[in-house]
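Please look over the sequence and the structure shown here before reading on. The briefing that follows is arranged by topic.

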Amino acid sequence: MIDKIRPGAVDCLTGIRSGSSVAIGGFGQTGVPLDLIDALCDRDVRGLHIIANNGGRGLPGERGIGRLLKENRVRRLSCSFPVNPDFFRRYFAGDVEIELVPQGTLAERLRAGGSGLGGFYTPTAAGTMLADGRFVVRYGEGGVVLETLAQKESRVIDGRTYVLESPLRPDFALVKAHLADRYGNLRFRLGARNFNPLAAMAAGCTIVQADHIEHDDSLPPDDIHLPGPFVDHVVETAGETVR
């Protein structure tokens, strides 16, 4: 019988190694799988490519993606809002790379990865440095530019310029759900739904922390936000309730 429930977070994360790409669900502080990220920080993994909406806030004692950055575990950050001061210090020092992605484009790139699409055209970023090859991905010593975003292919559709965006297919996804069953079917609560289903769909291996698990029954079909085939491991945690 299918049973994706695991005894603890550490057991779920053994496949993540240095250099892995990891999509992390959440929007701001809502729906972030803090317990899974803490467990990942407790392992000796570095050089991660993190794909997420934002880079944390850089506050003392911060958990989540901010902790990953503070502990220098991130090599590359693909996100929409890199507002963390710790990130910018490391970025301009050449310690971390960034792929800045408009928020809707980030969501759609994950969805494309999970849907098996080869890419899509969008007018977002057309005519900006995110599309013309000028945006700096990585600095070197003394502020020398070592890498920029590649110039994106563009085409005019109905008189408007669009750019080609590629799908995101991370090695792993860390996801927070409100309810889960042993088949891996998930239900999210309110705003915590955000990027979590998209990250789960796109990843090669999806690891979920759930506030509650239905151990004996499966979730009713009408209550399922993300079906179990997209999920590999589920662990029940005492994560914070999203209001």
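**Briefing on the predicted model**

Strand β1 and strand β10 (residues 172-181) run parallel and are joined by three bridges, where two strands pair if DSSP finds at least two bridges between them, and where strands (E, at least two residues) and helices (H or I, at least four) are DSSP runs numbered from the N terminus. This is a predicted model, in which local features need pLDDT of at least 70 and side-chain atom pairs count only at pLDDT 80 or more, while totals for chains, interfaces and linings use all residues. Residues are numbered from 1 along each chain as its sequence is written, and side-chain values use heavy atoms, with hydrogens and water left out.

- Together with helix α2 (residues 34-41), β1 and β2 make a right-handed β-α-β unit, right-handed meaning that, with the strands pointing away from the viewer, the path from the first strand over the helix to the second runs clockwise.
- In a regular strand the side chains alternate between the two faces of the sheet.
- In β1 (residues 21-24), S21 and A23 point one way and V22 and I24 the other way, and all are buried, that is, under 20% relative accessible area with a 1.4 Å probe and protein chains only.

**The open sheet of β5, β9 and β8**

- Three strands form an open sheet in the order β5-β9-β8, with antiparallel pairing.
- Because β5 (120-122) and β8 (154-157) stand at the edges with a single partner strand each, one side of each is left without a neighbour in the sheet.
- β5 is joined to strand β9 (residues 160-165) by three bridges, and F120 has E165 in β9 as its bridge partner.

**Cysteines**

- A search of the whole structure finds zero disulfides, a disulfide being a pair of cysteine sulfur atoms within 2.5 Å.
- The closest cysteine sulfur to that of C79 belongs to C41 and is 16 Å away, which is too far for a bond, and C79 is buried, with a relative accessible area of 0%.
- C205 is likewise in no disulfide, the nearest cysteine sulfur, that of C12, being 8.6 Å away, and C205 counts as buried at 15% relative accessibility.

Definitions and conventions. Buried < 20%, exposed > 50% of the residue type's maximum accessible area, 1.4 Å probe, protein only.
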